[in-house]
Amino acid sequence: MSTSFVRFLSRLLIVCMIGLPFQVHAGLIGTNDVVSAAQAVAARDTVATFMNRSDVAGQLQTLGLSAKDAQARVAALTDVEVAKLAGQIDSLPAGAD
């Protein structure tokens with residue numbers, strides 16, 4: 001490279017380093033935040049798996065709600081609502097009846 005270009009680039013970098021503020025903010029993430037986020041993801045996965053079952057989709061169709069609309073409604077739920085719904089799904093009896 002030519003020396004004039006290197007000098008120009010060096011001067012430009014110096015001006016940028018002096019003129020532009022460097023702000024860095026680091027903080028700790030609490031364990032409760034990490035655990036609640038992981039629980040929210042797990043609850044959403046539980047509800048999504050339940051909604052993707054063929055018998056559930058068939059029942060929703062019978063009630064007049066398409067699977068796509070149901071998934072949109074579930075996506076609009078808050079984390080607390082999804083956690084409550086996932087808890088109800090987990091407490092359902094297992095088996096054919």
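Biologist: What does Val47 touch, and what makes those pairs count as contacts?

Modeller: Leaving aside residues up to four places away in sequence, Val47 touches Val74, Val82, Leu85, Ala86 and Ile89, where a contact means heavy atoms within 4.5 Å. This is a predicted model, in which local features need pLDDT of at least 70 and side-chain atom pairs count only at pLDDT 80 or more, while totals for chains, interfaces and linings use all residues. Residues are numbered from 1 along each chain as its sequence is written, and side-chain values use heavy atoms, with hydrogens and water left out.

Biologist: What makes up the largest nonpolar core?

Modeller: The largest nonpolar core has 11 residues, namely Ala43, Val47, Met51, Val56, Leu60, Leu65, Ala70, Val74, Val82, Ala86 and Ile89. Such a core is a set of buried Ala, Val, Leu, Ile, Met, Phe, Trp, Tyr and Cys residues joined through side-chain atoms within 4.5 Å. At least two residues of this core come from each of α2 (31-51), α3 (54-62), α4 and α5, helices here being DSSP runs of H or I with at least four residues, numbered from the N terminus.

Biologist: Why is Pro21 called exposed?

Modeller: Exposed means over 50% relative accessible area, buried under 20% and partly exposed in between, with a 1.4 Å probe and protein chains only. Pro21 has a relative accessible area of 63%, and therefore it is exposed. Pro21 sits in the loop between α1 and α2.

Biologist: How many salt bridges does the structure hold?

Modeller: The structure holds 2 salt bridges, including one between Asp55 and Arg53, with 2.6 Å from N to O.

Biologist: What is the chain's average pLDDT?

Modeller: The chain averages 86, and 96% of the residues score at least 70, on a scale of the predictor's confidence in each residue from 0 to 100.

Notes: Salt bridge = Lys/Arg side-chain N within 4 Å of Asp/Glu carboxyl O.
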